[in-house]
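Below is a walk through one structure, from a pair of helices to a division into domains, then to a set of strands and the contacts of chains. Please keep the model open while reading.

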Amino acid sequence: MKDIVSVDHLRVEFATDSGPVVGVEDVSFTIAPGETVCVVGESGSGKSVTSLSLMRLVEFGGGTIAAGALRFRRTDGTELDVAAASPAVMGEVRGNEIGMIFQEPMTALNPVFTIERQLTDGLMLHKNLSQAQASARALELLRSVRIPEPERRLKQYPHELSGGMRQRVVIAMAMACEPKLLIADEPTTALDVTIQAEILALINRLKRENGMAVLFITHDMAVVAQMADRVVVMYRGKIVETGTVEHIFTAPKEDYTKALLAAVPKLGEMKGKPAPERMRLIGDEAARAARIVPVARKKEVLLDVRHLTTRFPVKGGILRRTTAQVHAVEDVSFTLNVGETLALVGESGCGKSSCGRSILRLVQPTSGEVWIGGRDIGALNHHDLRRARADMQMVFQDPFASLNPYRRLKDQVAEPIVNFGLASGAALKERVEELFDRVHLPRAFMNRFPHELSGGQRQRVAIARALAVNPKLIVADEAVSALDVSVQAQVLNLMMELQEDLGLSYLFISHDMAVVERIAHQVGVMYLGRIVEIGPRAAIFESPAHSYTRQLLSAVPIADPSKRRFADDLAFKPIKSPIFPLGHQPAPSVYTEVAPGHFVLKD
Amino acid sequence: MKRREFLLNSTAVMGGSILMGTFAGPALAQETPVSGGTLIWGHSETTQNLDMHQTGTASSGRVLQNIHSSIVTVDKDLNVIPGLAESFEVAPDGLTYTFKLRPNVKFHNGATMTSADVKYSFERCKDPATGAVNFEVFNNVAAIETPDDLTVVIKMSAVNAPFLSRLAENGAGVVMPVDSGPTQGTNPMGAGPFKFVSYEVGTVVKMARFDDYWEGPAYLDAVEAREITEPTTRLTGLRTGELHMINDIPLDRVGELEADATLQVKKWFPLNFDFINMNHTYEPFQNSKVRIAFDMIIDKEALMQGALWGQGATTASPSFPTSASYNKDLVQRKQDIEGAKALLAEAGYPEGSLNIVFKATTNYPYHIETAQILVEWFKMAGVNLTIEQLTWADWLSQCWVDKDYQMTMMNFFTLWEPDFLYYSVWNSEGAFNYRAVKDPKIDELTKQARITVDDVARADIYKQVQQQIFDEAHDVLLWFRNGTIGAQTKVMGLDTVVHPNGSNLNFHKVWLSA
Amino acid sequence: MTYVLNRLLSVILTLFLITLVTFAVTNILPGDVAMMIMGTQSNPEALEGLRQSLGLNDPLIMQYGNWVGGLLTGDWGTSLIFKKPIAELLAQKAVASAIIVVMSMTIALTLAVPLGVWAAVHRDRWQDTVSSSTSLLGVSLPDFFWGIVMILVFARWLGWFPSSGIVEPSEDFLGSLRYAFLPSLALGLGLMAHLTRMTRSTMTGILGQEFIRVARAKGLTERTVVWRYALANAIGPVITIAGLQIGYLFGSIIVMESLFGYTGMGWLTYQALLNRDLPLIQATVFVIAAVVMITNLLVDLLYVLIDPRVKLG
Amino acid sequence: MKRFKTTKGLIGIVLLTLIALIAIVGPMVIPPDAATKMDMLARRSPPTWTHLLGTDQLGRDMLYRVILGARTSLEIAVSAVVMSVVLGLPLGLVSGYFGGWVDNVLMRLVDTLLAFPALLLALSISAVLGPNVQNTIIAIGVAFTPYLARIIRGEALKVAQMPYVEAARASGTTDGMIMMRHVLPNIMPAVIVQATISLAFAILAEAGLSFLGLGTQPPAASWGLMIQASRDQLDVAPWTALVPGAAVALTVLGLNMFGDVLRDILDPKSK
């Protein structure tokens, strides 16, 4: 056997109340030395269970390997069946011959130990190094993952590092003993797009330099396209299709693979198209989805934001006085037309969410005006503001947290209607039923509780709730980010359908450039609280003028294996801190109009 | 602070307590006393203020008894006998008392006692600013003269018959060295058999033998009074040998210790008497039939067995059992539930119409037991009795001071001086008449007794008072309760330890065998 | 530093409120110390005289002013029943209580942490049931029950420890620990239950975290993962809970100190309350409240040392 | 894993049902004076055929007393805990939801109550209001309130930051409505679990109060009073403590097991 790993008819079961439940079943694949195998699938596909089984970590989550073999060729050339290995042997293998990196860099490091301690304990255990030797090696590792100021980092605690640096540390930890196999379980999912690009590039380089095999677990077809040599597509605990990356992307055999690929927006595919377009969906929705959204009617401004500024106080001192301020939103101005979508894009901390919340006055803006339908929201008193909220609603990111787990769905959808006294009794019921129809949810769901629904269904409920009072504006804050790709496409299509039918305006807050390219009429790019570039979608994507916009676009992975971008080390400009001392007076935002309606911030 | 006993008042001096203890084997008893050793005493209560004048608690008095000597004291037959005074004399008009002091009596500070010390002590006690609990003993004292070092003459403004016997009592008659007042509270000093060594609040009082004691030095080198208020803990200390002796064996455990050959138990009688009180301002209790009926509901002997575990003797009279005024003819009413019901009906309180609250203090756990037993009998008689448990502070403030109760019970150290006992407790003007008893006959008799000189006639008057209290059932007299000490068998001379007043312990003649 | 000052300020504010509440409540209590001193010898004139000499007849505002003024100037007054300066009494008794508070907390933590970790590692299995049942049994019977059991077992039957009493640590340090051991053990058992539960739930949460999986993926032994990686994170919350328990502990020592004749702050408070010794009540309540709040402050500061994420802002 | 939890919950429910049944039916079926009837010839009798669980210092049957005591104890414990919830819930809810100075003021108040010794509180209530069952409930209820308020505040603080609360605010829901409809139901499980734990402490708190004269007044029986009465006789009659102690232990055990299950029942996810 030449393969470093050969998984043979793996079956993992989880003990539950009602007997064992199968996690994965009949999973077989191999990994050759130096090869990157991507296991791709949506949530619940069993991709993580598979990777955890290889480390025998699945047991700590209550699972057992019920059948099959997991053959791993050890450094000394012997073959080990991981499924049957003793805990002592697994202790030698883990971290030494197989390294693993996980999804959440924020929680993957022990918060109370220094970076040095966490890097060295594995080395001292597996390689019998002294403390000094291990420390030296740790420093070397930090250098190899290109962490700035590695000496200082060693003495630091995880919370003192940014997310990207933490993930580099996690990678350094996994690489410490120079394993033959690296398992990467969604290593970039929680990261911003530029950081993701850097990490992907880093993994590629390390793999190349060490001749290491990589098992890469992801849900993101774009990442697969960028990373994989071979691809394993999983669905509901089983393998759907296996093949080389080119094969999978160009000639998928199975319908599931085809549907999955279809639902993924590809950056750049909208080139030359005048208006947003529905997502492609395979199946019965395909026909409807294929329809092109017509160009918006007569331009009429709904939302006019002028010099919006929001700062959060940083408290400190004996009297809890404000000692500094987070400049979350800094002199932001834009307009949004009736029936159109303005997308605010940017990386975490750029102020896009605060901007949305400030517009709805869920947080109190420091200054600026927000006009909706000829009314200045900022000037309303408490009572009028509550009334005005009928015009502007919000859809939140996390469909699990934005619905109250203790209330029936019909009550939650009805709540805004009841709040504004718009309907009651039979009329209310009728209205709620109508809303459920509107978002394509069966009426039978009305009496259910949130947990009985899938993420996509919940997000539909959240949209129904937002629609309940016939708002003119909906602020969608990362509304589809937490959803699986096919569900995301469905929800996006629903939103576009509603826009078309009801003339809604969306302020679409997102970090996903490919999605934005597909659905937005206007795009604003935010950086450090300001809009650095704003204009029609085509202008932003096809002729980006601001350096940050360009950087952002260059970092987006493209779901096309022929367009690989992350071969070498990338180092983007890190984002600066938005915290300024009290009394700091930032310069006003001044823009240059590079093309009609296309404005770029003057630096 | 459970079970703290309070002396009723100065005439609480009692005649010879009757020792009932089983003595250690005769061979041991006849051993010659030897000197030396420290006695570890598990004291049942917390010592508070150490100033003999200011302290009202029996707990402090019990300890301070060993540090102070009194100008006069009482013998086992309750006669006032000389103490620090070699002799004393009362003028025929009763207005002048002359004390001849013993020469060469030493205080713990080495000074020799003189009449100046006596004058100082008495005046200190008399001065309201001192806050002495017995200050009214000296109410009629007009002047204290010291013609020479060993003579004290006290002039009275009016006759005060009990004056001498009250001087024999705890606080009033003790003699302290001149100017020692300000330090008495923290460093008590007198002319007693033991010197004060140290006091750790709530933990231990240490005393050492005073070699120059006027009655000759004590046998023990030292006494350590460790304060252990929890009964189980105190018993454990005795059983493990950590303690040589303990006072106040829990009533229910006396039998158990008596059965233990490695320990000795000393009991004496009476420690105090208990009676059940009915508030005479409460309407039903203004009717003597109700009070008598209530008396008839109670089986005193059964109650004594139940609440005291037999550690006492029932009595219909509160007089000291061996005293001349004790009315031996009185017999407690037998339990007669049906009779009581009939009497109650006759008084206008048929079955089920009386709802009485009985306030009992948690300070005396056996009062709570008593009350619980009463509830059952009263239920049989158609009277609904409910118990309210009060802390000692609440009992004092509600029952004693505010007279805000219907029924309660209390104990008093048996009073040897009948005037003080009957006048204070049953005369309508009496200071301790917290039941508001108002009986013209008793008022008359107690007044008459005060001017009756003949002892026999006087005793007879008090017997009539007892008869009247019984006939009218002003209170229900229950029993005399035993005092107890448990000790290791090597503690000798315990028959001398109990002061005639039944409460104080004097270690002068106590010794430890090897 | 500003954080500490800030917290101190709130402690001072709360203490001020406590002086008010304590003063109000103690003055509502019927009866007074004069009555307690005189007992059943009291008659109205005698009581009045004693009250006068004890200064109980001053106007309330003046009494409160004098008290708070005294607190600030260090003149804490004199106990009315013990006739000793309160500051002197407190100094002596506080040391005694400090010993059993520290000792019982140490005992509780030594027992509770391993038991809680053990339960968390074997969550929902028999070990978990054993651990929770043991700790529940501890709270099903009151403190004094365990106290008496300790006396009977360790003093009477085994004779290993003295049944009661107290020794000054300055006289005999080891001896003072011997006397403090039984009451501390009884108190510790009572505290243990809650701490075990907290350790278990904290550890359960931590064991489910990603960095634990990462540690396992590094090949670290399960012992290292649980006892170093996980426990290092659990100790902060557990210490915080332990700190909050100090308040509860000061309630329990009242019973336990009286039971063991171990006369510390709890016993002193109890005596003060029973005897209506107002200056002593006020002083003990104030000191205990201050100790409880300052302990909690110290625990929060300790947390900063344990957990590098927490900063004093 | 899950099955284990169900069994545990089942035991808890069976235990509690049994205890509740005893508390309710007990007083109806046993003779009215059985728990106070004294047998002076059988004082502190160890368990025998006539007295299955032995007798106390007054010769009263421990079995009857423990059965009759169940009702009193549970009544006191439940009422006191309900009272502390009724007082602590609005306090904690408002404090946690609004935060800021409201929170600061209320929590200072709670701190003050927490630092104030329960003993002094109990003595005052007993002295001023009188010793009886109602006032015992007040004493325990008031003493528990600050603890509950603190826990509820913590929970409310967490819930108030949830997106569904923000969503409700965005859809024009008033603060009062948000607290009632969104915060309250979501903190209820934590409140109920805390309340079940408090029940155990309340039963024992009564024992402590009996020592001060507060609590059930004799000769009525309650577990707390019985435990307290055993204090001076533990070495000679251990059953006087163990019998009521076992009753408390079983109740506490039942409550805890039930508490876990209750959390699941309250969770709509289990419906």
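At what angle do the axes of helix α5 of chain C and helix α11 of chain C cross? The model is a predicted one. In it, helix α5 of chain C spans residues 86–121 and helix α11 of chain C spans residues 265–274. Their axes come within 7 Å and cross at roughly 130 degrees.

From α5(C) come Leu89(C), Lys93(C), Ala94(C) and Ser97(C), and from α11(C) come Met265(C), Gly266(C) and Leu268(C). Sorted by class, this contact of α5(C) with α11(C) holds four nonpolar residues, two polar ones and one charged one.

Chain C can also be viewed by domain. Domain 1 of chain C covers 2–73 and domain 2 of chain C covers 86–306. Between the C-alpha centres of the two domains there are 31 Å. To their contact, domain 1 of chain C brings 17 residues and domain 2 of chain C brings 14 residues. On the domain 1 side, the elements that give two or more residues are α1 (2–28), α2 (33–38) and α4 (60–73) of chain C. Of these, α1(C) gives the most, with 10 residues. By class, the residues on that side of domain 1 of chain C are 10 nonpolar, five polar and two charged.

Which strands pair with β23 (residues 598–601) of chain A? One is strand β20 (residues 530–536) of chain A, which pairs with β23(A) in the antiparallel sense over two bridges. In this pairing, Ile534(A) stands opposite Phe599(A). Another is strand β22 (residues 591–595) of chain A, also antiparallel to β23(A), over four bridges. There, Ala595(A) stands opposite His598(A). β22(A) and β23(A) form a hairpin with two residues between the strands. In that hairpin, Gly597(A) takes a positive phi near 75 degrees.

Last come the contacts of whole chains. Five pairs of chains touch, and the most contacts among them are between chains B and C. Chain A and chain B, by contrast, do not touch. The nearest C-alpha atoms of chain A and chain B are 42 Å apart.

Key:
Residues numbered from 1 in each chain as written. Chains lettered and ligands numbered in written order. Predicted model: local features only at pLDDT ≥ 70, side-chain atom pairs only at ≥ 80, totals over all residues. Axes fitted to C-alpha atoms, helices over the stretch in contact; angles between N-to-C directions. Contact = placed C-beta atoms within 7 Å. Nonpolar A, V, L, I, M, F, W, Y, C, P; charged D, E, K, R; others polar. Pairing = 2+ DSSP bridges. Domains from an automatic or database assignment.
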